[in-house]
Amino acid sequence: MQSGAVVRTVNLVKIYQTGGLPVPAVRGVDLEVADGEFVAIMGPSGSGKSTLIHMIGGLDTRTSGEIWLDGQRADTLSESGWAVLRREKVGFVFQFFNLVATMTVADNVELPALLGGASARQARERREYLLGELGLTERAEAAPAQLSGGEQQRVALARALANQPRLLLADEPTGNLDSRNGRDVLRLLRDIHEKGQTIIVVTHDAKVAGMADRVVMLLDGQIVDDGRSVRRTSSKRPGGAGDVIELRG
Amino acid sequence: MRLHLLALLAKEPAHGYELKQALELTFGSAYPSPNIGQIYVTLGRLEKDGLIRAVDVEQSNRPNKKVYYLTAAGREALDAWVDEPTEGPRVRDEFFMKLILAPLTGIADRMTLINRQRRHYLGLMRDLTDLTEATDPANRPAMLLIEGAMLHLQADLDWLERCQEDLTP
């Protein structure tokens with residue numbers, strides 16, 4: 001496999017068997033994501049985008065094809081083998097946060113590091129760093145239910161990053177947030193991407209997709225577009241809203 | 001710009017340069033910086049149409065300046081503008097025409113057109129996101145205007161997705 005690719009899928013296929021009738025969800029996807037790349041996957045509901053990201057994260061099995069993670073063949077691993085690989089290499093953020101309701105914010109973030117074999121001290125230090133970066137230090141002892149949606153998603157992001165994963169996967173991370181909270185999560189994704197984090201995000205939110213280096217469009221389980229978005233204004237000429245938005249006079 | 005100037009004059013009489021400043025102050029970076037020449041031309045037309053009137057105010061060492069104020073007819077025109085619903089935005093006509101007509105001629109297929117358009121919209125969205133970051137959050141008109149533009153863009157993208165779905169059998 002080419003050096004530098006964090007993810008590579010080869011002719012990846014997923015067929016669900018519902019009531020005996022085979023329903024193809026992903027139909028032969030070849031996707032390669034380089035180290036440090038931020039890729040957005042878009043597509044209508046039912047296009048297979050969530051199935052694809054779940055397979056890449058090992059949360060769903062493939063029907064055929066190959067999945068490589070950080071140079072290692074992953075699709076042939078046993079369930080426990082996947083679990084180990086996932087713990088070491090992959091962080092996952094979901095639309096509905098999926099925090100452990102009975103644990104504090106701090107414990108939610110420390111848990112993956114502890115499961116990953118970090119010492120209590122390492123886990124605490126990493127947690128303190130992440131919560132600090134995400135502006136959540138004061139919420140460390142709160143229960144998830146006491147937090148706003150935006151704060152919960154930031155905690156989920158901190159948890160996903162606890163093990164310093166090679167790959168961050170996010171499934172509609174702003175899908176359940178209002179515009180202000182969505183903006184916070186968007187800013188965080190951009191910040192960690194600038195620090196070199198490899199990210200694959202499934203999203204309907206054009207603000208998230210616009211931030212990505214590359215947008216992959218899925219339709220009916222197949223890639224129909226894969227490329228960079230085109231910036232209209234150059235970064236050296238920021239201008240005001242009036243230069244971007246034309247008010248009718 | 002006619003009605004915007006009428007609205008400002010309904011607040012208080014002003015001369016041309018004051019109107020330019022008032023627009024900048026109210027909208028900040030959200031309004032394309034108004035050209036003073038364009039403001040004077042518009043004021044001239046409004047005066048000719050009887051919607052505003054001007055009085056000369058003497059200034060020491062400088063030529064007289066014209067201060068404009070709203071007439072009853074101007075007030076009526078402004079009321080009518082405020083009271084009527086505003087036309088909604090239309091479908092992106094030009095892209096729609098391309099989408100329908102270009103494939104007929106064999107110049108391009110629809111999938112290619114839609115993909116290219118999506119990349120363009122996503123680039124615009126990125127610009128708007130950068131703009132949000134660069135805009136003072138206290139400037140509410142500018143923030144609301146940008147958010148409105150983002151919502152329109154999201155709707156355009158959703159519509160492109162519908163078009164694309166429509167292409168698959």
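**Figure 1. The lining of the largest cavity.** Met42(A), His204(A), Met217(A), Arg118(B), Gln154(B), Leu157(B), Asp158(B) and Glu161(B) line the largest cavity of this predicted model. A cavity is a set of points, on a 1 Å grid over the protein atoms alone, where a 1.4 Å probe fits but cannot get out, and lining residues have an atom within 4 Å of a point. The volume of the largest cavity is about 50 Å³, where a volume is the space filled by probe spheres set on the points, joined across faces, edges and corners. Helix 7 (residues 140-167) of chain B contributes the most to this lining, with 4 residues; helices (H or I, at least four residues) and strands (E, at least two) are DSSP runs numbered from the N terminus.

Residues are numbered from 1 along each chain as its sequence is written, and chains are lettered from A and ligands numbered from 1 in the order in which they are written. Local features need pLDDT of at least 70, side-chain atom pairs count only at pLDDT 80 or more, and totals for chains, interfaces and linings use all residues, while side-chain values use heavy atoms, with hydrogens and water left out.

Figure 2. Two or more lining residues come from each of helix 2 (79-89), strand 6 (90-93), helix 3 (105-115) and helix 5 (149-160) of chain A. Helix 3 of chain A gives the most, with 4 residues. The buried residues (under 20% relative accessible area, with a 1.4 Å probe and protein chains only) of helix 3 of chain A include Val105(A), Val109(A) and Pro112(A). The buried residues of this helix pack against helix 4 (120-133) and helix 5 of chain A. Just after helix 3 of chain A, Gly117(A) has a positive phi of about 100°.

**Figure 3. Two nonpolar cores.** A nonpolar core is a set of buried Ala, Val, Leu, Ile, Met, Phe, Trp, Tyr and Cys residues joined through side-chain atoms within 4.5 Å. The largest core has 58 residues, and Leu157(A), Leu168(A) and Leu189(A) touch the most other members. Helix 6 (residues 110-134) of chain B supplies the largest share of this core, 8 residues. Another core, of 26 residues, lies apart from it and includes Val29(A), Leu31(A), Met55(A) and Ala74(A).

**Figure 4. An open sheet in chain A.** The 4 strands of this open sheet have the order 2-1-4-5, with antiparallel pairing; two strands pair if DSSP finds at least two bridges between them. Strand 2 (21-34) and strand 5 (72-73) of chain A are the edge strands, each pairing on one side only. Strand 4 (residues 64-69) and strand 5 of chain A are joined by 2 bridges. Trp68(A) stands opposite Arg73(A) in strand 5 of chain A.

**Figure 5. A hairpin in chain B.** Strand 1 (residues 52-59) and strand 2 (residues 62-70) of chain B run antiparallel and are joined by 7 bridges. Ala54(B) has Tyr68(B) as its bridge partner in strand 2 of chain B. The hairpin has 2 residues between the strands, and Asn61(B) takes a positive phi near 65°.

Key:
Buried means under 20% relative accessible area, exposed over 50%, partly exposed in between (1.4 Å probe, protein chains only). Contact means heavy atoms within 4.5 Å. On a 1 Å grid over the protein atoms alone, a cavity is a set of points where a 1.4 Å probe fits but cannot get out, and a pocket is an open set with protein on both sides within 12 Å along at least five of seven lines; lining residues have an atom within 4 Å of a point.
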